[in-house]
Amino acid sequence: MIRQLFKYREMLLVVVIAILVAAFSTRSPGFARPANLANIFNDTSILIILALGQMTVILTKSIDLSVAANVAFTGMAVGMLNAAHPDLPLAAIVLVALGIGAVLGAINGLFVWKLGIPSIVVTLGTLTIYRGMAFVLSGGAWVNAHQMTEPFLQTPRQLFLGLPLLGWTAIVIVGIMYLIMSRTFLGRAIYASGGNPTAAVYAGIDVGRTRFYAFVISGTLAGLCAYLWVSRYAVAYVDIAAGFELDTVAACVIGGISTLGGIGTVAGAVLGALFLGVIKNALPVIDISPFAQMAISGSVIIAAVIFNARQERRRGRIILRDRGASEEIGVAA
Amino acid sequence: MNQIAMSDQRLETPLLEMRGISKSFPGVKALNDVNIALYAGKVTALIGENGAGKSTLVKILTGIYQSDEGEIRVDGDAVSFTNAQDAIDFGVTAIHQETVLFDELSVAENIFLGHAPKTRLGFVNWKAVNARALALLHSLESNIDPRTRLKNLSIAQRHLVAIARALSVEARIVIMDEPTAALSRKEVDDLFQIVRRLKGQGKAILFISHKFDEVYEIADNYAVFRDGKAVGSGVLAGTGQDEIVRLMVGRSIEHAFPKVEIPLGEAVLSVENYTHPTEFRDITFTLRKGEIFGIYGLVGAGRSEICQSLFGVTRPSGGKLRLHGEEITIGSPGEAIKAGIVYVPEERGRHGAVLELPIYQNISLPSLTRTSRSGFLRASEEFALARKYAERFDLRAAALSVPVGTLSGGNQQKVVIGKWLATQPKILILDEPTKGIDIGSKAAVHAFISELAGEGLSIIMVSSELPEILGMSDRVLVMREGLSAGIYERNHLNAETLVRAATGNA
């Protein structure tokens with residue numbers, strides 16, 4: 001039974017996170033209190049959403065390094081929009097954020113799809129371009145809290161059943177992404193395109209178009225996070241979320257999404273992000289310096305990669321043994 | 001056979017001789033008591049169908065495989081090649097069909113990679129590398145600059161570099177494995193100049209080719225292999241092409257093929273003057289309901305390319321396609337599947353299955369447009385579809401939700417075929433359907449192909465195996481160098497006609 005559960009690395013991550021939380025709460029009583037856990041979840045919401053976008057792209061054997069720059073540009077755009085037109089309803093601003101994010105994602109996708117340029121090169125380029133555009137747009141100026149409207153700042157903070165709307169947004173996105181990945185044609189195409197691009201082509205799947213859609217999804221989610229970020233930290237400037245693209249990749253890797261594409265689940269990406277969130281929130285509590293935090297995060301990523309590689313190898317053997325033992329249910333006539 | 005010439009030759013000690021060589025792989029006897037002799041200053045052509053054992057022989061000669069029985073003699077002394085280096089030490093070197101060279105390195109680096117002259121301190125002696133490369137290229141009467149990057153050279157020049165590389169290790173015996181496959185006529189002429197020069201230098205050359213005109217042009221002796229046995233050898237001059245063709249195919253085609261005669265129905269697909277910019281031209285044929293239409297030809301004759309084009313993987317540059325009389329164009333595999341055309345590729349591992357996905361998702365993959373509704377998948381329909389084909393093929397797996405990567409090769413194959421049939425095609429294109437599977441499974445596959453044809457499917461079967469083509473096809477299109485070399489009706493089919501058409505030996 002336990003082995004059955006551990007076959008899913010998601011389950012293992014849940015256990016590891018639980019152990020971490022338990023360990024930290026011995027050092028800092030109250031760490032495991034529901035309110036604090038809700039707080040950690042809320043704090044990790046943006047990473048969860050961005051990691052899901054990154055996961056979609058990685059599953060197709062690509063990578064999106066421009067997500068954080070997308071957040072910076074779109075965040076600047078909606079911050080300035082809110083400052084310039086305070087009477088614009090929040091829904092309109094969120095739609096603009098989603099739209100700009102989607103367009104930036106689509107630009108990445110078009111380069112990958114139509115010109116066949118490796119995604120790492122395309123998004124390394126757009127990473128700089130998008131952040132540069134944020135500077136051009138703002139002239140280097142900041143949009144500060146006093147320039148932002150009350151609904152813009154406060155809506156994500158509204159509590160609902162003890163969790164701020166920001167956290168609920170992440171939960172809704174997780175649900176939507178789960179539906180897309182497991183219940184739609186696009187989701188299946190994403191797995192197939194990354195798992196075996198040639199076989200996918202022969203099965204009538206347009207791999208290039210599928211990758212394009214993955215980048216659009218990643219961009220749209222980055223656009224959403226742009227608003228959430230600016231609202232949460234109540235400031236928009238050129239350097240927001242600098243380097244955060246690496247956190248999204250890290251969350252995916254820890255969550256068992258194969259960097260070679262085709263393997264990984266929504267639950268994995270979410271748990272990977274939560275794992276990083278727990279560490280980030282816990283280490284200051286137990287007095288560990290930010291530099292040690294970085295080293296710890298890095299070690300965890302490498303450990304996760306090693307673990308996943310071993311898990312992959314072991315999985316084959318375990319299933320072979322299982323197959324020998326179990327009778328052939330329902331399949332063989 | 002030419003007894004007098006042969007006995008003349010027997011007086012001379014062969015530079016290299018293989019005696020009684022046998023080699024088995026699980027389930028296959030690749031070589032069975034084979035003898036072959038190579039003489040200094042002579043070109044020996046090795047001729048045989050695919051699967052005759054030529055490649056195995058080359059691998060034994062170059063030390064990559066070790067023979068189970070038999071001996072190799074160099075200059076009359078028994079030697080043993082336990083690895084590739086041993087073969088090189090005895091002066092055996094091979095030039096392969098696809099030359100293994102490095103685009104970004106210079107010509108000289110390519111020639112001396114792995115055995116570059118060193119300075120006293122153990123560093124590469126670049127002066128010597130370039131000078132010796134230049135000398136080698138000069139000896140081949142070439143003026144390629146040894147310092148140019150390989151990527152700037154033409155295919156023929158690359159061949160020359162490969163030959164120079166082969167000669168850089170003091171080769172006495174040069175094996176050329178289908179060296180002309182990718183060359184134009186002009187390049188072949190240049191290559192043959194080099195071969196003649198090597199002959200003049202007293203090297204023994206083993207020349208493997210399918211093309212009779214080339215064999216007759218360059219070779220002195222011949223050896224014919226069939227089914228892992230050396231069935232004939234001798235001096236080429238005075239030996240007719242008929243004789244060689246007879247040796248190559250000279251078996252009674254076993255009637256182990258469960259071909260069921262099916263009354264052919266109406267025309268399903270007509271291909272008219274189909275043309276691709278670089279791979280094939282003016283291909284015309286009609287496929288009828290219930291027909292098994294064979295496409296035969298040498299490797300590289302453009303057979304798979306036609307099929308890929310019919311399936312929308314590549315686009316033709318000219319010609320028409322009619323499905324049930326209506327003109328259609330096929331722009332992508334998705335459109336082909338919708339039109340009822342599916343293609344089971346030759347490399348089923350690479351092109352066939354997504355190993356990470358479960359069985360049922362693999363089977364439903366090309367049928368998703370049918371089982372999903374407005375972009376949403378319906379798992380129950382997918383499972384039903386998968387179960388149906390899993391049962392039909394007696395698929396052995398713990399559950400339909402296990403990844404295909406965990407299945408045995410044979411079961412993976414069943415998944416791949418099930419996946420294509422699940423699309424309910426009208427036309428099934430099979431590329432080398434029995435390549436790499438053992439004889440027992442072959443019969444099962446053939447029985448299955450017949451069964452499908454009996455159900456009214458039209459089948460295009462690409463194969464390089466003559467018995468398969470002869471046994472299974474209603475009609476056969478023979479391809480040669482991208483062109484049609486004729487379409488043959490079942491009652492006019494015989495091995496020699498097909499081989500002649502395919503090799504251009506009319």
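**View 1. Helix H3(A) passes helix H8(A) in a left-handed crossing.** The model shown is predicted. H3 covers residues 34-59 of chain A, and H8 covers residues 165-183 of chain A. Their axes come within 8 Å and cross at roughly 20°. Because angles under 35 degrees count as roughly parallel, H3(A) is roughly parallel to H8(A).

**View 2. Residues of H3(A) meet residues of H8(A).** From H3(A), the residues in contact include A:Phe41, A:Asn42, A:Ser45, A:Ile46, A:Ile49 and A:Leu52. Further along H3(A), A:Met55, A:Thr56 and A:Leu59 also take part. On the H8(A) side, the residues include A:Leu166, A:Gly167, A:Thr169, A:Ala170, A:Val174, A:Met177 and A:Met181. Sorted by class, this contact of H3(A) with H8(A) has 14 nonpolar and five polar residues, with no charged residues.

**View 3. Chain B and chain A bury about 2900 Å² between them.** Carbon and sulfur atoms give 63% of this area. Chain B brings 43 residues to the contact, and chain A brings 28 residues. Within chain B, the residues that lose the most area to chain A are B:Glu356, B:Leu377 and B:Ala398. Together these three account for 19% of what the chain B side buries.

**View 4. A salt bridge joins the side chains of A:Arg188 and B:Glu382.** The N to O distance in this pair is 2.7 Å. Across the interface of chain B and chain A, one salt bridge is found.

Key
Residues numbered from 1 in each chain as written. Chains lettered and ligands numbered in written order. Predicted model: local features only at pLDDT ≥ 70, side-chain atom pairs only at ≥ 80, totals over all residues. Heavy atoms only, no water. Axes fitted to C-alpha atoms, helices over the stretch in contact; angles between N-to-C directions. Helix = DSSP H or I, 4+ residues; strand = E, 2+ residues; numbered from the N terminus. Parallel < 35°, antiparallel > 145°, perpendicular 65-115°, else oblique. Left-handed = near helix turned anticlockwise from the far one by under 90°. Contact = heavy atoms within 4.5 Å. Nonpolar A, V, L, I, M, F, W, Y, C, P; charged D, E, K, R; others polar. Buried area = accessible area lost by both parts, 1.4 Å probe. Salt bridge = Lys/Arg side-chain N within 4 Å of Asp/Glu carboxyl O.
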